[in-house]
Amino acid sequence: MIGETLRKERENQKLSVQDVEKETSIRALYIEAIEQGEYDKLPGEVYAKGFIKNYANFLNLDGEALVKQFIIEISPTIVEFENKNAEAEISNEVVVENKSKITAMSSAMKKVRASRTVELENTPAEEEDNESAFIPRKYLIAVVAVVAFLAGGLLLNFNGNEEPPVIDYQPQQGAQPPAPAQEIFKNPTPEPQPVPVASGVDLQATFSADCWTRVVVDGILAYEGMINAGQVFNWNGNENIYVRLGNAGAAQFVMNGQNIGAIGQEGAVVDRVFVR
């Protein structure tokens, strides 16, 4: 019994009915009714479920489990009746479904037998009709074949003329004959274009090793000092560029877009003047 479980746990925790009423706000009258199993004294089933759940949770019991037990205690007859009704409904659905399937299969077999009978009865007439209809079809196929053969011959004869038709051109008096096609579409010979001359000296130097360098552009000192490996320099002059390298093989030169390369061997001191 739910009430006995709740009462024993309350007494184990040394609590009175008034203590429970104070903590849960459930009237002592309802608490005593729940403990004694007198559920008819409660306001209703909904209130009874709430009282039992709150009372059980207050005592650290499983309120949900006790509510389910309460439902079983107050309505065992209703639950049994619902289970029986559910079983009966399932059985009726199975019987109705099987009966419907059997009826549908029977109707389908009757239709198959009827159509088969009609087919057997009409077979000679249909064959006779097909035979009579087949005679004009043969003549129609023959006519189509002859037409296709004649059309193919005409097409081959037309495509077999390899030489184009010759047109006899008679120029009018005083008119000039048309120029030959080769002369009309002949491409004129392109005239040679003058090669542009650089207006100055554009010098680029790429250093692969350390090198002491001195550069004079149009008589003016542009650079003097140590250049490290990996550096790239550009100098532009109007007339000339003078270059002195302490390690001639350390630099590669390009002047006005033309690759010149190194101007000496590695470790050699070399002077070079680049003019336009």
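Trainee: Why is N247 called buried?

Mentor: N247 has a relative accessible area of 17%, and buried means under 20%, so N247 falls into that class.

Trainee: Where is N247 placed, and with which residues is N247 in contact beyond its neighbours within four places in sequence?

Mentor: N247 lies in the loop between β5 (240-245) and β6 (251-255). Those contacts are with A209, D210, C211, Q265, E266, G267 and A268.

Trainee: What does the side chain of N247 reach at 2.5 Å?

Mentor: The side chain of N247 reaches the backbone nitrogen of G267. A polar contact requires a pair of N or O atoms within 3.5 Å, and the distance here is 2.5 Å.

Trainee: Why is α3 called roughly perpendicular to α4?

Mentor: Helix α3 (residues 28-36) and helix α4 (residues 45-58) pack at an angle of about 90 degrees, with their axes 11 Å apart. Angles of 65 to 115 degrees count as roughly perpendicular, so the term applies to α3 and α4.

Trainee: Which residues meet between α3 and α4?

Mentor: From α3, Y30, I31, I34 and E35 meet F51, I52 and Y55 of α4. By class, this contact has six nonpolar, no polar and one charged residues.

Trainee: Where does pLDDT stay under 50?

Mentor: One such stretch is residues 77-82, with zero contacts beyond four places in sequence. Another is residues 123-135, with one contact of that kind. For the chain, the mean pLDDT is 75, and 55% of residues reach 70 or more. Where pLDDT is low, predicted coordinates should not be read in detail.

Definitions and conventions: Residues numbered from 1 in each chain as written. Predicted model: local features only at pLDDT ≥ 70, side-chain atom pairs only at ≥ 80, totals over all residues. Heavy atoms only, no water. Helix = DSSP H or I, 4+ residues; strand = E, 2+ residues; numbered from the N terminus. Buried < 20%, exposed > 50% of the residue type's maximum accessible area, 1.4 Å probe, protein only. Polar contact = N/O pair within 3.5 Å; in protein donor to acceptor, adjacent residues only side chain to side chain. Contact = heavy atoms within 4.5 Å. pLDDT = per-residue confidence, 0-100. Axes fitted to C-alpha atoms, helices over the stretch in contact; angles between N-to-C directions. Parallel < 35°, antiparallel > 145°, perpendicular 65-115°, else oblique. Nonpolar A, V, L, I, M, F, W, Y, C, P; charged D, E, K, R; others polar.
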